[in-house]
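Subject: Structure handover

Hi,

Here is the structure I promised to pass on to you. Please open it alongside this email, and my notes on what turned up follow below.

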Amino acid sequence: MHVAVIGGAGYIGSHVVLALQDAGFSPVVFDNLSTGRKENTPCPLFVGDICNVQDLETFFTTYRPQAVIHLAAKKSSEESMRNLSLYAHVNIEGTINVLDAMVRHNVKTLIFSSTAAVYGQPQYVPMDEQHPTSPENFYGATKLACEQLFTWYGRLHGIRYAALRYFNAAGYDLRIKHPEPDPNNLFPILFETVKGKRAAFTIMGTDYNTPDGTGVRDYVHVSDLARAHLLALTYLEQHPSLVCNLGSGRGYSVRECVTAMQELFGTFIVQEGPRRQGDPAVVLTSNEHALSTLNWTPEYTEIRDILLSMAHVYFLKNESN
């Protein structure tokens, strides 16, 4: 079965490709390589852009996929607030282009990379799929807009979809040799600090209503996320569309992550700064829906295991990053 992985050269996409191959699928990747790396793509790669309708038409005509996993997007919450038109163009218009290509080529199955950012400020934790959606940034708003589009494409064109709302993806498969470029997530920044690429690590906010005063987040290993995409593909063969949270269901504070990093890889300078505007104290998901629908539970829940899985991409002797 040919599965199109749109954005399959990126961080999460490259892990989805590996999971598909391990399960006997034949993934084909569509990626513009703006942030993806072809070195992490061990399958056919078509270099194209979701904002280019002809690129998508050529790709679908050439490979004739039977399902689509769509991960391509701009994803910086901060940048999205400065450049609404760019994020609307890529994330919303680009997704419409993917959907229209699916309609033209009679592809009925879509797995979508959504985000916990659709929820905005937590009104309760752990957050389930019934939590109100009120994004705090335009990135989250674009993902929610795409989910709303899917209901119409499902109603009018018979597309079945699974919108997988990721919490904080982390970790690496040992087969991935090159890290994501220009990271702005906690763990890659910690590794860059350990290596000396950053002079110090700054904890943004130490006065939250949490046990140690720093923000608590739900970190889910990227290989667990990848496995959920396969389960969603199988689920949609006999079930209706699905919206599902994906997280570890366990929270770690920033200070706990810093301590684990230093215990494993050595000390570095840690500074304290003010809170970032809009950052909640605790973001934590419930996995009950993922368990009941997809039979999915995360295998990696210990923060030390997630950190150890990342070491090889940052400490390779002949790395080019």
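One thing to keep in mind as you read: this is a predicted model.

Let me start with a pair of helices. Helix α4 (residues 84-104) packs with helix α5 (residues 138-157) at an angle of about 20°, and their axes are 10 Å apart. Since angles under 35 degrees count as roughly parallel, α4 and α5 are therefore roughly parallel to each other. Where α4 passes α5, the crossing is right-handed.

Next, the seven-stranded sheet. Seven strands form an open sheet with parallel pairing, and their order is β3-β2-β1-β4-β5-β6-β10. At its edges are β3 (45-47) and β10 (242-246), each of which pairs on one side only. On average, neighbouring strands of this sheet are turned by 20° against each other, direction ignored.

- β1 pairs with β2 in the parallel sense over five bridges, and Ile6 stands opposite Phe30 in β2.
- Four of the five residues of β1 are buried, so β1 is largely enclosed by the rest of the structure.
- Strand β6 (residues 160-166) runs parallel to β10 and is joined to β10 by five bridges. Along this pair, Ala163 stands opposite Val243 in β10, and Tyr166 stands opposite Leu246 in β10.
- β10 is an edge strand, yet four of its five residues are buried, so β10 too is largely enclosed by the rest of the structure.

Helix α1 (residues 11-22) lies across β1 (2-6), β2 (26-31), β4 (67-70) and β6, and runs at about 170° to β1. Helix α2 (residues 53-63) packs on the sheet too, where it touches β1, β2, β3 and β4; the direction of α2 makes about 165° with that of β2.

There is also a three-stranded sheet. This open sheet has the order β7-β9-β11, and its pairing is mixed. The edges are taken by β7 (168-170) and β11 (251-253), each with a single partner strand, so one side of each is left without a neighbour in the sheet. Here neighbouring strands are turned by 55° against each other on average, direction ignored. Three bridges join β7 to strand β9 (residues 216-221), and these two strands run parallel. Within that pairing, Ala169 has Val220 in β9 as its bridge partner. Helix α7 (residues 222-236) packs on the sheet and touches β7 and β9, with its direction at about 60° to that of β9.

Now for a second pair of helices. The axes of helix α6 (residues 186-194) and helix α8 (residues 254-265) come within 11 Å and cross at roughly 40°. That makes α6 oblique to α8. The crossing of α6 and α8 is right-handed. From α6, Leu186, Phe187, Leu190, Phe191 and Val194 meet Val254, Cys257, Val258, Met261 and Phe265 of α8. By class, this contact has 10 nonpolar residues, with no polar and no charged ones.

Finally, one residue to look at by itself. Leaving aside neighbours within four places in sequence, Ile203 is in contact with Thr214, Val254, Arg255, Val270, Gln271, Glu272 and Gly273. Val254 in that list is also one of the α8 residues that meet α6. As for Phe30, the β2 residue opposite Ile6, Ile203 is 173 residues away from Phe30 in sequence and 37 Å away in space, C-alpha to C-alpha.

Happy browsing, and do write back with any questions.

Best wishes

Note on methods:
Residues are numbered from 1 along each chain as its sequence is written. This is a predicted model: local features need pLDDT of at least 70, side-chain atom pairs count only at pLDDT 80 or more; totals for chains, interfaces and linings use all residues. Side-chain values use heavy atoms; hydrogens and water are left out. Axes are lines fitted to C-alpha atoms, for helices over the stretch in contact, and angles run from 0 to 180 degrees between N-to-C directions. Angles under 35 degrees count as roughly parallel, over 145 as roughly antiparallel, 65 to 115 as roughly perpendicular and the rest as oblique. A crossing is left-handed if the near helix is turned anticlockwise from the far one by less than a right angle, and right-handed if clockwise. Two strands pair if DSSP finds at least two bridges between them. Contact means heavy atoms within 4.5 Å. Ala, Val, Leu, Ile, Met, Phe, Trp, Tyr, Cys and Pro count as nonpolar, Asp, Glu, Lys and Arg as charged, and the others, Gly among them, as polar. Buried means under 20% relative accessible area, exposed over 50%, partly exposed in between (1.4 Å probe, protein chains only).
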